[in-house]
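Q: Could you walk me through this structure, one feature at a time?

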Amino acid sequence: MSDFHNKMAPASDRPAVEEDHSPDAPLSIHDLTVAYHRKPVLWDIDLDIPEGKLVGIVGPNGAGKSTLIKACLNLIPTASGKVQVYGKPYGKQRSLVGYVPQRESVDWDFPVSAVDVVAMGLYRKLGWFRPVRKKHKEVAREALERVGIGHLADRQISQLSGGQQQRVFLARALAQDATLYFMDEPFAAVDAATERAIVTLLQDLKGKGKTTLVVHHDLATVAQYFDWVILLNMRVVAAGPTEEVFTQENLRKAYGGKLSLLAEAGHALTQADRG
Amino acid sequence: MMKRNHFRGLNRAMLIGFVGLLQQQMAVAAPREFSSLQTRGVEWPTFEAIWEVITLQQYNTRLVVTSTLILGLASGLVGCFLLLRKRSLMGDALSHACLPGIGIAFILGVTLFGEGKSLAVLLIGATVSGLVGVGSVLLIRNTSRIKDDAAMGIVLSVFFGAGVAILGMVQSMPGASAAGLEYFIFGKTASMVFRDFLLLSGVAVVALICSILLMKELTILCFDEGFARSQGWPVSVLDILMLILVAAVTVVGLQAVGLILIIAFLITPAAAARFWTNDLRVMLLLSAVIGGVSGWLGAGISALLPRLPAGAVIVLMAALIFFVSMIFGSARGVLRRSLSMRRLRAKIGRQHLLRAVFEIQERTWRDESLRPINVPISYQELLHHRTWSARQVKRLVRRGVHEDHIEATDGQTLRLSESGFGEAYRITRNHRLWEIFLFTHADIAASHVDRDADSVEHILSAEMVRELESKLNMASMPESPHEIARLKKEMV
């Protein structure tokens, strides 16, 4: 229905709706609320991410940055709201989405090599029971080349440095060949060389018209790296182009006060639940 | 972790005691075979008997040993995934939860068919109650705030206790001989009819094939559950499939290994294989082979010495391979690790020595306003420079001479060789670069810097040194930051 409007009517003539959720946005989040053990960690998130942007998700510890990504990817249950990828539920658009989890989320002592991990990005395309073949490994090696560690392809993952491990995860997402990427703290605890490699890669993805959401913790580099910013602290404090949104005032709103009212309310709810 | 193990150990000891009582009761019913210690003792088999068993010449041994070997292959494979998923205790809960199912299946068999000892019926009962046990663990975990390990501990002991109670009741059932059911607890290489052999081997082969087919899926499940879920893999279905494979191996192993020890047969080969390789495919293959070999040897030995329960022997065989692997394993064995630790220690000792010599020489240049030349220094100076004992110094110097870094001019003095001087210059410089970096960039208290610098400087790569140089903007040899601080103090 709204698709019809978009195509047929000029933008200015579009009937005014309460929320302007354009159906073709790479990611549109509507009224999303997430709770852990009934304690809400994200309240009423409403977002439309425009195509081809490099988006930084910024906020203090415990603001729900990772939770937002995980909720978009259906990794955790949501209390209410919906998430759409290019106008359809995430479950139907998985092949368009790439994911870089936090590096600490896996056991790097696992007996696989870098190229094995990158090849996991192709598993879904392979489908059930089909084994990884030589041509898939070639794709994986190319992805490793793109992040600058092609020479480490056959090394066991525990023998890589933290930055190299991070790049393995990025290469795996590249192998997924997606148009919308979610990256959970890719810059956390990496060396300078890796940081540069990641920035180059992000610019490269942007140049190809892909949309990337990055959870980021270093305020000093936000303006430099991202052209769109979501300031998050359990709710969306502000979202939009970096130069408009990344202001002192908004930052104070997002970071000010150790325990925001929302956090206190959440705590009270949990207590009431227990008692 | 400690607490959990302690809890499990205690629990198990009690249960085993309980089973012992039960078996004594059963033994009263059975005719007493042994009267003296001598007949109870283990008789060593003749060479011919050993040869017959190893080469599987007897029909019955052939069936038993072959089925145990196939079981070993399957449990080695499935166990790898169980280990990598960090669900070992879940496998233990599952196997213990099988016991009530065996008893109930026997009762049902007797009442419905008049005969309770059909292996297929007993094993179906075991599978069902094993899976019910796992289901209860998940139920407890998901509906309460009780954590995984506690839930498994509860289910494990409650189900096992219920099983022991049911087996006790079965003994008093009229018209039914339940003797032999207790073998499911500790395992026994019983005689086997061909139909049972087909059943057991068939299930094991199916489990084997399934885990090979599901290799890719189980790998991503074990390595990165979140990523697997984001790709749309049904993680809970995969988890259930893995547990069904574990259940299949457990149930097949019930008769030969017994439900208490089956978990060792699942985990030990996988853990042993991990010491030899960093490649999952090799690990799977090796683990299957280790499982198969220990099954074959264990069942064979048990066939030779019937008083030794098969389960115990099989597990001991696997444990033997495990310990050998732990020590000699080529990828992460103890020996290899201690060798590389020794190599690192030797390297650190050498670097300390060279830096000490260099620093003493440096002091001489400063005090006597010489240009940097390789002046001889005395042992005494060296001994006072660091907290070294005379023996340590002697050993380090001997090694330095051997490596052509040090020239011992006479008994009292020594100096660096040409290659040693270059090495000493490089090492000292790296040390100072790192120290200065810690001072200026990492906010570490000055008194802590030397110690921290010591541990890292020895592993600085050329790339990291270049990074340090550009960060600190230093090309030549910097002054020691400690020296600078001392001089400053003196000036004030």
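A: Start with the ground rules. This is a predicted model, where local features need pLDDT of at least 70, side-chain atom pairs count only at pLDDT 80 or more, and totals for chains, interfaces and linings use all residues. Residues are numbered from 1 along each chain as written, chains are lettered from A and ligands numbered from 1 in the order written, and side-chain values use heavy atoms, without hydrogens and water.

Q: How much area is buried between chain B and chain A?

A: Interface size is often given as the accessible area lost when the parts come together. Here that is about 2,900 Å² (1.4 Å probe, summed over both parts). Carbon and sulfur atoms give 59% of it. In chain B, B:Lys216, B:Phe223 and B:Gln231 lose the most area to chain A, together 26% of what that side buries. By contact (heavy atoms within 4.5 Å), 30 residues of chain B meet 36 of chain A.

Q: Which polar links cross the interface of chain B and chain A?

A: There are 14 residue pairs in polar contact, both residues at pLDDT 80 or more. A polar contact is a pair of N or O atoms within 3.5 Å; within protein, one must be able to donate a hydrogen and the other to accept it, and residues adjacent in sequence count only if both atoms are side-chain atoms. Four salt bridges are counted (Lys or Arg side-chain nitrogen within 4 Å of an Asp or Glu carboxyl oxygen). One of the salt bridges joins A:Asp107 to B:Lys86, with the closest N and O atoms 3.0 Å apart.

Q: Where is B:Lys86 found, and what is its phi?

A: B:Lys86 is in the loop between α4 (59–84) and α5 (88–96) of chain B. Helices (H or I, at least four residues) and strands (E, at least two) are DSSP runs, numbered from the N terminus. Phi of B:Lys86 is near 60°, positive in a residue other than glycine.

Q: Is B:Lys86 buried or exposed?

A: Exposed, because its relative accessibility is 60%. The cut-offs are under 20% for buried and over 50% for exposed, with partly exposed in between (1.4 Å probe, protein chains only). A:Met234 also has a positive phi, near 70°. A:Met234 lies in the loop between β9 (228–232) and β10 (236–241) of chain A. At 7%, A:Met234 counts as buried.

Q: Which residues touch the most other members of the largest nonpolar core?

A: A nonpolar core is a set of buried Ala, Val, Leu, Ile, Met, Phe, Trp, Tyr and Cys residues joined through side-chain atoms within 4.5 Å. In the largest, of 174 residues, they are A:Leu27, A:Leu68 and A:Phe182.

Technical notes: Buried area = accessible area lost by both parts, 1.4 Å probe.
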